[in-house]
Protein chains: 2
Amino acid sequence: MSTQQGFERRYQAPEREPIIEVDERLFLKSAARSFYVLEAFARSPRPLSLAEVAKAAKISKSAAQRVVQTLLVLGYLERSPTGTGVVPGRRILDRSFDYLRSNPLIERATPILTELRKTCGERVDLSLFDDVTILYAIRLQSKRETFYATLSGRRMPTFATAGGRAMLACLDDRHADEIVRRSKLAPLTPKTLVDPALIRQRVEEARRDGYAYVLEESLMGEIVVAAAVVKERNMPVGAIHIAGSLAEWSAEDFRKRFAPLAIEAARALSG
Amino acid sequence: MSTQQGFERRYQAPEREPIIEVDERLFLKSAARSFYVLEAFARSPRPLSLAEVAKAAKISKSAAQRVVQTLLVLGYLERSPTGTGVVPGRRILDRSFDYLRSNPLIERATPILTELRKTCGERVDLSLFDDVTILYAIRLQSKRETFYATLSGRRMPTFATAGGRAMLACLDDRHADEIVRRSKLAPLTPKTLVDPALIRQRVEEARRDGYAYVLEESLMGEIVVAAAVVKERNMPVGAIHIAGSLAEWSAEDFRKRFAPLAIEAARALSG
DNA sequence: GCATGGGTATCGTAGATCGATACAACCGTT
DNA sequence: AACGGTTGTATCGATCTACGATACCCATGC
């Protein structure tokens with residue numbers, strides 16, 4: 001049957017991995033510093049004082065002062081409305097807009113996901129493959145969800161998500177195992193699988209079925225099915241997730257009903 | 001009636017506008033350059049070659065080379081999958097995630113907007129006030145929409161949007177007029193109002209009614225009602241939009257039905 | 001074969017950025 | 001009301017980063 005095909009060809013890693021490393025002399029330390037400052041808010045999403053910024057970015061207070069002033073002028077930081085400290089600025093959203101708009105996959109996916117969400121009545125996500133993590137790019141909720149389940153830009157570990165496993169299933173074993181090996185195998189819920197052998201088993205299952213599913217591995221009470229979006233040579237670039245609640249569905253019913261829809265949507269996006 | 005109250009107190013501008021300007025000696029030119037490079041994609045959302053980057057950011061090819069290499073390493077740029085040039089990188093989404101997560105308004109708004117969308121069955125947006133533009137932060141579509149109507153991070157002129165006018169209505173006349181004056185009054189559709197007097201009239205209407213609406217002023221066939229979210233002293237920070245199609249609704253019916261819902265949601269968010 | 005436009009690498013110099021330090025304004029506490 | 005603790009702001013000479021011209025390699029296209 002068709003759901004058992006299409007995932008036989010696996011992605012063959014190129015001879016030499018395109019290491020994104022560069023001559024140190026071409027790396028602009030002072031430019032990087034600004035981004036380290038912005039990245040400080042990934043660890044503590046709240047207003048940061050100059051001293052906290054300096055500490056988080058591992059720079060002197062003077063350097064922090066200059067960077068902060070510069071980013072305030074540019075709009076990538078804003079003074080906290082609470083009076084003290086700075087927070088990420090609205091200008092950041094302009095850049096994410098550019099990102100989404102520049103990515104043809106996102107544009108092609110949008111109508112397909114909208115349609116899919118209407119058909120399913122469940123939450124539908126598009127995630128992007130990024131090594132040991134996946135990155136949610138489009139999220140279409142329908143019910144009331146946890147706040148984080150609504151945010152695009154969120155990252156989750158590849159090994160513990162349905163989309164991640166669907167994408168691992170596209171890679172050859174060597175590559176997939178290597179990603180699991182480099183992952184920090186910390187459980188997200190009591191049900192998260194952290195044994196590489198068990199994970200591999202699920203990946204092989206996904207390879208056989210053409211889709212992956214996880215049961216309460218990233219959020220208790222949640223079931224997710226997902227199918228990978230691939231480009232040439234079966235290389236995974238993203239995945240389409242359909243997520244539902246175990247309060248409303250049995251695992252079996254949910255899979256039977258939604259897996260084919262995820263697979264179909266993912267296939268429509270693959271090329 | 002209640003929809004005609006609550007907007008009487010207007011925001012009083014503080015004595016001195018908080019000009020975000022800084023001693024030139026504290027502004028890091030080399031840091032800013034990196035952002036200019038990223039901002040190049042706002043004008044041309046497609047892969048850019050080194051030479052194009054250099055030209056767009058007004059820097060030498062050598063400088064562009066260094067900045068691009070640095071941003072590639074950091075993940076804010078990626079090599080274009082088409083082989084040549086670079087495009088915005090996934091790491092940008094991490095920063096927008098930080099932004100959304102750091103902003104208490106977004107978090108509080110999320111469940112309210114989800115509920116509102118379920119009630120309405122129409123597109124629901126949260127926009128943020130940003131001087132002559134508004135910035136969409138949360139967008140909950142329900143029907144099939146144009147691609148751009150789904151993207152958060154999109155900016156629109158304040159003067160021509162329902163949310164923008166609802167926010168102008170919170171300001172005192174001097175301030176509101178000044179924003180209109182500084183706006184580039186270019187029509188988005190044949191129906192966009194560009195006469196400051198007419199715009200002011202609509203703003204006053206919004207002030208009286210507690211909500212604003214626009215008919216096909218930013219997209220033909222679209223009607224939008226919006227109510228402002230304010231913080232202390234009635235200062236506008238954002239707006240809640242409900243957008244529908246004139247193919248399905250008469251303007252009157254749409255306003256009657258959805259304006260009270262927008263007002264109620266906005267009030268729940270104001271503080 | 002050569003021109004064109006991509007990306008990459010090198011190097012000496014100019015000047016932008018460094019960071020210690022001092023200052024100012026605001027807390028809450030004693 | 002003086003205090004210690006924050007916060008953010010401002011200054012300045014020395015150092016070391018980043019500048020940009022240039023040369024280079026490798027594709028394409030004709």
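Visitor: Leaving aside neighbours within four places in sequence, which residues is B:Pro45 in contact with?

Guide: The model before us is predicted. In it, once neighbours within four places in sequence are set aside, B:Pro45 is in contact with A:Arg101 and A:Ser102. B:Pro45 itself is found in the loop between helix H1 (29-43) and helix H2 (50-56) of chain B.

Visitor: Is B:Pro45 buried, exposed or partly exposed?

Guide: The general idea is to compare the relative accessible area with two limits, under 20% for buried and over 50% for exposed. B:Pro45 has a relative accessibility of 32%, and therefore counts as partly exposed.

Visitor: What separation is found between the C-alpha atoms of B:Pro45 and B:Val87?

Guide: These two residues are 42 residues apart along the chain, and their C-alpha atoms are separated by 8.1 Å.

Visitor: Where is B:Ser102 placed, and is B:Ser102 buried or exposed?

Guide: B:Ser102 belongs to helix H4 (residues 91-102) of chain B. Its relative accessible area is 12%, so B:Ser102 is buried, the limit being under 20%.

Visitor: Which residues are in contact with B:Ser102, apart from neighbours within four places in sequence?

Guide: They are A:Pro45, A:Arg46 and A:Pro88. Within chain B, a polar atom of the B:Ser102 side chain lies 2.6 Å from the backbone oxygen of B:Asp98.

Visitor: How is the size of an interface expressed?

Guide: It is often given as the accessible area lost when the parts come together. Here chain A and chain B bury about 6,700 Å² between them, with 67% of that area on carbon and sulfur atoms. Of the area that chain A buries against chain B, A:Phe35, A:Arg90 and A:Leu93 supply 11%, more than any other three residues. Counted by residues, 70 of chain A are in contact with 70 of chain B.

Visitor: How many salt bridges and how many residue pairs in polar contact are counted between chain A and chain B?

Guide: There are six salt bridges, and 19 residue pairs are in polar contact, both residues being at pLDDT 80 or more. A salt bridge joins the side chains of A:Asp130 and B:Arg90, with a distance of 3.5 Å from N to O.

Visitor: Which elements of chain A each supply at least two residues of the side that touches chain B?

Guide: They are H1, H3, helix H4 (91-102), helix H5 (104-120), strand E3 (123-130) and strand E4 (133-140). H4(A) gives the most, with 12 residues. By class, this side of chain A has 37 nonpolar, 15 polar and 18 charged residues.

Visitor: Let us turn to the DNA. Which residues are the closest to DNA strand D?

Guide: DNA strand D is surrounded by 18 residues, of which the closest are A:Ser30, A:Leu50, A:Gln65, B:Arg33 and B:Ser62. Of the atoms of DNA strand D that come within 4 Å of the protein, sugar and phosphate account for 51%.

Visitor: Which parts of DNA strand D lie by the side chains of A:Ser49, A:Lys61 and A:Arg79?

Guide: In such a case one asks whether the DNA atom belongs to a base or to a phosphate. For A:Ser49, an N or O atom of the side chain is 3.2 Å from a phosphate oxygen. A polar side-chain atom of A:Arg79 lies 3.3 Å from a phosphate oxygen. For A:Lys61, a side-chain N or O atom is 3.3 Å from a base oxygen.

Visitor: Which element gives the most to the surface near DNA strand D?

Guide: H3(A) does, with three residues. The residues of this surface divide into three nonpolar, eight polar and seven charged.

Visitor: Which residues come nearest to DNA strand C?

Guide: Among the 18 residues around DNA strand C, A:Arg33, A:Ser62, B:Ser30, B:Leu50 and B:Gln65 come nearest. Sugar or phosphate holds 49% of the atoms of DNA strand C within 4 Å of the protein, and the rest belong to bases. In the side chain of B:Lys61, an N or O atom is 3.3 Å from a base oxygen of DNA strand C. H3(B) provides the largest share of the surface near DNA strand C, three residues.

Terms used:
Residues are numbered from 1 along each chain as its sequence is written. Chains are lettered from A and ligands numbered from 1 in the order in which they are written. Side-chain values use heavy atoms; hydrogens and water are left out. A residue is near a molecule or strand if one of its heavy atoms lies within 4 Å of it. A polar contact is a pair of N or O atoms within 3.5 Å; within protein, one must be able to donate a hydrogen and the other to accept it, and residues adjacent in sequence count only if both atoms are side-chain atoms. Helices (H or I, at least four residues) and strands (E, at least two) are DSSP runs, numbered from the N terminus. Ala, Val, Leu, Ile, Met, Phe, Trp, Tyr, Cys and Pro count as nonpolar, Asp, Glu, Lys and Arg as charged, and the others, Gly among them, as polar. Buried means under 20% relative accessible area, exposed over 50%, partly exposed in between (1.4 Å probe, protein chains only). Contact means heavy atoms within 4.5 Å. Buried area is the accessible area (1.4 Å probe) that two parts lose on being put together, summed over both. A salt bridge is a side-chain nitrogen of Lys or Arg within 4 Å of a carboxyl oxygen of Asp or Glu.
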